[in-house]
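This report describes the salt bridges and the chain interface of the structure shown below.

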Protein chains: 2
Amino acid sequence: MNSIKNRTYGQESSWQRVAAPEVDRFVRSALQAGGADDASADAVARALVGASLRGVDSHGLRLLPHYLKVLRGGRINGRPELVFKPLSNTTGTLDADNGFGHLAGYRAIEEGISLAEKNGMGAVSVVNSSHFGAAGSFTLAAAEAGYLALAFSNSDKLVLAHDSVAPFHGTNPISFAAPLQGQQPYLIDMATSSIPYNRVLHYQTIQRELPSDVAVDSGGHMTTDPLAAAALLPLGGLGYGYKGAALAGLCEVLCAALTGMAFSHQLLAINGPDLSTRRRLGHFFLVMKPEAFIERSLYETQMTAYLQDLRTQNAVAGSEVMAPGDREWRVQEEREAQGIPVDPVLLQVLADQAEALNVLGLTAC
Amino acid sequence: MNSIKNRTYGQESSWQRVAAPEVDRFVRSALQAGGADDASADAVARALVGASLRGVDSHGLRLLPHYLKVLRGGRINGRPELVFKPLSNTTGTLDADNGFGHLAGYRAIEEGISLAEKNGMGAVSVVNSSHFGAAGSFTLAAAEAGYLALAFSNSDKLVLAHDSVAPFHGTNPISFAAPLQGQQPYLIDMATSSIPYNRVLHYQTIQRELPSDVAVDSGGHMTTDPLAAAALLPLGGLGYGYKGAALAGLCEVLCAALTGMAFSHQLLAINGPDLSTRRRLGHFFLVMKPEAFIERSLYETQMTAYLQDLRTQNAVAGSEVMAPGDREWRVQEEREAQGIPVDPVLLQVLADQAEALNVLGLTAC
């Protein structure tokens, strides 16, 4: 995101902490003042606050200025009429009416749960959507209700196809969550590129060299210069990027071929210049009920044993072996107690937005 | 596979060619003579010949001596009574009765198709199975019948968890196939490690250095020495291996937590020494009917456009951009015409097996 490229990752002592409910209040009221209805504001706030709490700052509060901008630009319909159309006993499609992808994502998961409750599984494709933030927001919602879930999205082109010289796929995320009684869910939420694009932007700002094997310049040649980087490599890099590219392709098939929506290489860039045209973005969600496969108690026993064995593996020096999501749950615990850290630049941008929208500004802890 | 480590990848001019129907005949009769019933021999032959034709030699004919060995050892039940138990409108579990995983895989896909035909989707978990060869064999069977499919398996531990020093996950494969009218399917079939373990064994034999960032020694330190390599890194290597490890974990949840079977780190090693104890391996298959999401003609239009755009991307010098599976379909076309190349050492092993089992040996083209 060009306008907010200075704010991402890490945390400095000068940053202020804001309590999660206050962030929630602010996101909600800013979006409402910006033209979003209650349901849309609720969904975006839930997703952004959740991501910020889990430490996924790239998809947290820092996205709010962007969302306000595309709401103003007209790309996003702030008062969408979502229509869910069942297509079989287990499948359906949700028309997001060009509203926020977050609202569509939570609604799709609800419909998926409802289908899975009746028939074991439910899959919901989403059409006419837009950026939905962190894919993990939605699988997490399913896991919190006791279900397994997978979520997929495509996104505008930033990542090479294998052996291509220019970007073709988006950073196309895949998320998977599995519930655990008395524990936070097992939670995978990953881009199918090695690094997210905003890490390139961040490294441009702090003038830090990129790792090798993650980006290419405009000629398609490997580069570690963040200013020269024009596209990302898929997960697996030069040698094994065909695997990351294939996973990105899986997202394309599920989110575009199976929905009639745009493929990544056809999508309008997230940051414009066009902020008014609807993007025709698709998502895909799959919800599964554990009891449709195995006795619940055995599932719980198996998951618990697996995670315990994983977490007690001998680790490389200075580290420990964690399950997907463990790092996030630790950050969440700390941030729920101490507040969400917000850097001074973002804080100023949000203060300006508050003034422009005539809403009460964000109050630090 | 220790016993067959000399035979993998590539092809030399000294290799002989054997016509696919002749390979099929030989695999079938050798397995039958080794104690497998017709259905088991058919399924293994179909999977091995298919993999060999597609150029997936690591999972093709070269596995036959291993399968004959575990059939003799008693690990594999050559005359299994498969029992499919529906668990909901869309899910069921198949007890493989410790037979060949290939037989279970094809049967699970059939049951998945039957569920999907009625209700849009079908998921089938498999219990009490064993090695099923190439995961792509089964998704391909679904795609050939007009369905989308995902396949997952776990396997004995060879791959680090992220930040662990010793192997914990298997090379846990994920496969996805999507049908296309008048074209070969879109076919992803990938281990969740960067390289397969038999590449390490092969490089030991030819004394070639491994690429960097794919393997560690017994102390958990990176190595490029194939003789020192004790475990593989997950896809993404040192920097991003948490993503490959998460994908391996997805296989564990679906194939073991959701089935009650063994996790990778609990599984008996594929190559023994114990070749008699049943392995308690699980698999997981998901079948989806495109028409349960979108009009078939629109799906076909979308897939065709996507693949055409992908294949016509500008490529790095000396290469071309291919879709997942494209390389395999080219090899298949060539091998269907010219025969499957078999190296002299494997040919000799197979001749010995033929003699021991009193079946007609493999005849080259």
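With which residue does A:R17 form a salt bridge, and how far apart are the closest N and O atoms? A:R17 pairs with A:E334, the closest N and O atoms being 2.7 Å apart.

## Basis of the values

The model is predicted, so local features need pLDDT of at least 70 and side-chain atom pairs count only at pLDDT 80 or more, while totals for chains, interfaces and linings use all residues. Residues are numbered from 1 along each chain as its sequence is written, chains are lettered from A in the order in which they are written, and side-chain values use heavy atoms, with hydrogens and water left out.

## Salt bridges

A salt bridge is a side-chain nitrogen of Lys or Arg within 4 Å of a carboxyl oxygen of Asp or Glu; the count over all chains is 24. The pair A:R17 and A:E334 links strand β1 (residues 16-18) to helix α9 (residues 326-338) of chain A, 317 residues apart; helices (H or I, at least four residues) and strands (E, at least two) are DSSP runs, numbered from the N terminus. A:R17 is buried at 19% relative accessible area, whereas A:E334 is partly exposed at 34%. Buried means under 20%, exposed over 50% and partly exposed in between (1.4 Å probe, protein chains only).

Helix α9 of chain A also holds A:R335, which forms a salt bridge with A:D57 at 2.8 Å between the closest N and O atoms. A:D57 lies in the loop between α2 (38-53) and α3 (64-73), so the pair ties together parts 278 residues apart in sequence. A:D57 is buried at 16%, and A:R335 is buried at 6%. Elsewhere, A:D24, A:R28 and A:D42 are linked in a network of salt bridges.

## Interface of chains A and B

The contact (heavy atoms within 4.5 Å) takes 76 residues from chain B and 77 from chain A. The two chains bury about 6000 Å² between them, 70% of it on carbon and sulfur atoms; buried area is the accessible area (1.4 Å probe) lost on being put together, summed over both parts. The count of salt bridges between the chains is 0.

## Symmetry

A rotation of 180° with 0.0 Å of shift along its axis superposes chain B on chain A (RMSD 0.0 Å), by least squares on the C-alpha atoms of residues with pLDDT of at least 70 in both. The two copies are thus related as by a two-fold rotation axis. In chain B, the C-alpha nearest the axis belongs to B:G236, 2.4 Å from it.
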